[in-house]
Amino acid sequence: MKKLQLIQKITEEGVVAVLRGETPEQVVEMAEQAIAGGIKVIEVTMTVPFALKAIETLSRKYSWDSQDPSSYAIIGVGTVLDPETARAAILSGAQFVVGPCLNRDTVMLCNRYRIPVMPGTMTIKEIQEALELGADIVKLFPGNLYDPSMIKAIKGPLPQANIMPTGGVSLDNLGEWIKAGAVAVGIGSDLTSEALKKNDFSLIAQKAAAYKEAYLQAKGR
């Protein structure tokens with residue numbers, strides 16, 4: 001039941017902040033600003049040095065089932081290449097697992113522990129294989145190689161696929177992706193690049209609020 005509830009909450013929130021940084025402390029601050037701005041689903045990538053430390057810190061502070069809006073957020077892990085990394089992140093508090101590609105053993109491990117898993121896919125064949133393995137959501141990656149019409153093309157033969165484009169999603173095209181049928185979108189560098197350049201992380205909260213508003217408008221809420 002927990003897994004199903006998590007998937008429902010992730011798709012209800014609709015926007016996933018994909019965070020990369022130079023230190024775990026930097027990524028924790030990024031996450032806190034994104035959450036303050038309204039993006040409640042946080043993906044800490046394993047390219048961050050000591051990423052598990054950031055996941056543990058955030059998981060202790062925020063909870064996916066909290067009734068307090070200030071402490072509610074869903075913390076997950078990204079750039080997971082193998083099941084060993086997935087298991088370590090889960091033990092550190094990650095509530096969902098995202099990979100850049102489809103790794104059979106990683107999907108199977110996540111299913112074993114009833115953790116939502118979102119492998120990266122680029123082709124119909126990979127998406128079908130992900131579904132056969134029991135993946136809950138497939139990440140269309142890199143999304144900047146496609147446009148939103150790709151989702152309609154995928155859903156022709158695979159209408160049951162839950163698709164989350166990541167990479168290349170912006171404020172300008174987020175609405176198109178959602179209206180095309182994406183169950184969620186992943187936002188990476190566009191959320192954090194200006195803040196890093198100006199060393200002003202409050203800009204992340206502002207950008208997060210704009211993304212959340214764009215998502216709500218696209219959903220007609």
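This is a predicted model: local features need pLDDT of at least 70, side-chain atom pairs count only at pLDDT 80 or more; totals for chains, interfaces and linings use all residues.
**Entry 1: charges over rings**

I began with R87, whose charged end sits over the ring of Y113, 3.8 Å from the ring centre. I then looked up K139 and found its charged end over the ring of F141, at 4.4 Å from the centre. Next I asked how many aromatic pairs there are. The count is zero, taking a pair to need ring centres within 6.5 Å.

**Entry 2: around F141**

Staying with F141, I checked its peptide bond to P142. That bond is cis, and its omega is near -5°. Where does P142 lie? I found P142 in the loop between strand 7 and helix 7, the latter spanning 149–155.

**Entry 3: strand 7 and its sheet**

Strand 7 covers residues 138–140, and I counted three bridges joining it to strand 8, with the two running parallel. For a landmark on screen, I picked V138, which stands opposite I163 in strand 8. Stepping back, I saw an open sheet of three strands in the order 6-7-8, paired in parallel.

**Entry 4: helix 2 against helix 3**

I moved on to helix 2 (residues 24–37) and helix 3 (residues 51–61), which pack at an angle of about 35° with their axes 8 Å apart. The crossing of helix 2 past helix 3 is right-handed. Which residues meet there? From helix 2 I listed P24, E25, V27, V28, A31 and E32; from helix 3, K53, A54, T57, L58 and K61. Sorted by class, this contact has six nonpolar residues, four charged and one polar.

Last, I looked at T79. Its phi is positive, about 55°, although T79 is not a glycine. I placed T79 in the loop that runs between strand 3 (74–78) and helix 4 (83–91).

Key. Residues are numbered from 1 along each chain as its sequence is written. Side-chain values use heavy atoms; hydrogens and water are left out. Two strands pair if DSSP finds at least two bridges between them. Helices (H or I, at least four residues) and strands (E, at least two) are DSSP runs, numbered from the N terminus. Axes are lines fitted to C-alpha atoms, for helices over the stretch in contact, and angles run from 0 to 180 degrees between N-to-C directions. A crossing is left-handed if the near helix is turned anticlockwise from the far one by less than a right angle, and right-handed if clockwise. Contact means heavy atoms within 4.5 Å. Ala, Val, Leu, Ile, Met, Phe, Trp, Tyr, Cys and Pro count as nonpolar, Asp, Glu, Lys and Arg as charged, and the others, Gly among them, as polar. Rings of Phe, Tyr and Trp (its six-membered ring) pair if their centres lie within 6.5 Å; planes under 30 degrees apart count as stacked, over 60 as edge-to-face and the rest as tilted. A charge sits over a ring if NZ of Lys or CZ of Arg is within 6 Å of the ring centre and within 35 degrees of the ring normal.
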